[in-house]
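Hi everyone, thanks for coming along. I'd like to walk you through one model today, so please have the viewer open.

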Amino acid sequence: HLSKRLQTVSDHVEAGSRLADIGSDHAYLPIHLAKNHIIDYGVVGEVAKGPLSNAISEIKKDNLLDVLHPRLADGLAAIQAGDNIDAITIAGMGGNLITHILEEGKAKLTGQEKLILQPNVGEPAVRKWLMTHQYRIFAEQILEEDGHIYEIITAKKSPVPVTYSDLELKFGPFLLKEKSPVFVAKWQEEIGLLQRVIHNMQKAVEPDIAKIDAIQSEIKTIDEVI
Ligand code: SAM
């Protein structure tokens, strides 16, 4: 049984995809996809030995070692020539780490892959990387599970340059249009957080007025969006 978060990520993997799941940990996502015959080829990449051995024992339990190929590797180095990967999932890490993995592994990307990314925080950095490298976002989801709010971004290389406004990079081009209740809740929470930051800053002997103004204008931006 998958979490709602990983289920939503897995929904974006098309039947017959050749998947690379990077930072797979227990490999729950690729195992789910293989068990349900959505994929019959998957690379399970892990940089750490502990999680990789967890992945291997989970894959063995389901007798899927002929379908899922666990590899100890940093980021996209898990992908080898001949894998013919056409879908990459990177889930459950910070946006900066996801961006770093994509940047370091650029040479492994053919431009044919669908990228399915689920940053826990720092989504704007991921969107910025996608834009800079001419990837078009074609779907976004936002969901809440166990008190956490998660965003899922899927993208594909575009034949033409892609531009997103600052607002779209911050909030997400699709999420911004949709303005779902979870989206509104996420950004209301962020306003509350920023207000507490301002409150604490104002208690300083010499409050940093410029910084407070900047945060106030950020609050205004969010307020206008939601
Ligand atoms: N993807 C799973 C999920 O969403 O539930 C597991 C997420 S887990 C919190 C993050 C995993 O990414 C850890 O097992 C960690 O070892 C792995 N990881 C971190 N940096 C990595 C990198 N550069 N290359 C491959 N794996 C990495």
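This is a predicted model: local features need pLDDT of at least 70, side-chain atom pairs count only at pLDDT 80 or more; totals for chains, interfaces and linings use all residues.

Residues are numbered from 1 along each chain as its sequence is written, and side-chain values use heavy atoms, with hydrogens and water left out.

Now the overall picture. The protein chain has nine helices and seven strands, and its C-alpha atoms fill a box of roughly 65 × 40 × 30 Å along the principal axes. The chain divides into domain 1, residues 4-160, and domain 2, residues 183-225; those bounds come from an automatic or database domain assignment. The C-alpha centres of the two domains lie 34 Å apart.

Of the 226 residues, 48% are buried. Buried here means under 20% relative accessible area, exposed means over 50%, and partly exposed is in between, with a 1.4 Å probe and protein chains only. The chain exposes about 11,600 Å², and carbon and sulfur atoms supply 52% of that; the areas come from the Shrake-Rupley method with a 1.4 Å probe, and for residues only the protein chains shown count as cover. Contacts, meaning heavy atoms within 4.5 Å, are also worth a look: among those between residues at least 6 apart in sequence, 67% join residues at least 24 apart.

Back to helix 2, at residues 28-35. Six of its eight residues are buried, so this helix is largely enclosed by the rest of the structure. The buried ones are L29, P30, I31, H32, L33 and A34. And what covers them? The cover includes helix 1, strand 1, strand 2 (39-46), helix 3 (49-61), strand 3 (68-72) and strand 4 (87-93).

Since we opened with a positive phi, here are two others. N63 is not a glycine, yet has a positive phi of about 60°. N63 is in the loop between helix 3 and strand 3, and is exposed, at 67% relative accessible area. D146, also a residue other than glycine, has a positive phi near 50°. You'll find D146 in the loop between strand 6 (135-145) and strand 7, exposed at 73% relative accessibility.

On to charges. Side chains of opposite charge can pair when their charged atoms come close. I call it a salt bridge when a side-chain nitrogen of Lys or Arg is within 4 Å of a carboxyl oxygen of Asp or Glu. The structure holds 11 of them.

Take E14 and K114 first: their closest N and O atoms are 3.0 Å apart. E14 sits in the loop between helix 1 (4-11) and strand 1 (17-22), and K114 in strand 5 (114-119), so this pair ties together parts that are 100 residues apart in sequence. E14 is partly exposed, with a relative accessible area of 48%, whereas K114 is buried at 11%.

Next, E151 and R127 meet in a salt bridge of 2.7 Å, N to O. E151 belongs to strand 7 (148-157) and R127 to helix 5 (123-132), so the pair links parts 24 residues apart in sequence. Are these two buried or exposed? E151 is buried, at 1% relative accessible area, and R127 is buried too, at 0%.

E224 and K220 make another salt bridge, at 3.3 Å, N to O. The two are four residues apart in helix 9 (209-225), separated by about one helical turn, and both are exposed. Elsewhere, salt bridges that share partners join E123, R127, E140, E151 and K186 into one network.

One last stop: V197, in helix 8 (181-202). V197 is partly exposed, with a relative accessible area of 33%. V197 and A210 are 13 residues apart in sequence and 14 Å apart in space, C-alpha to C-alpha.

That's my tour, and I'm happy to take questions.
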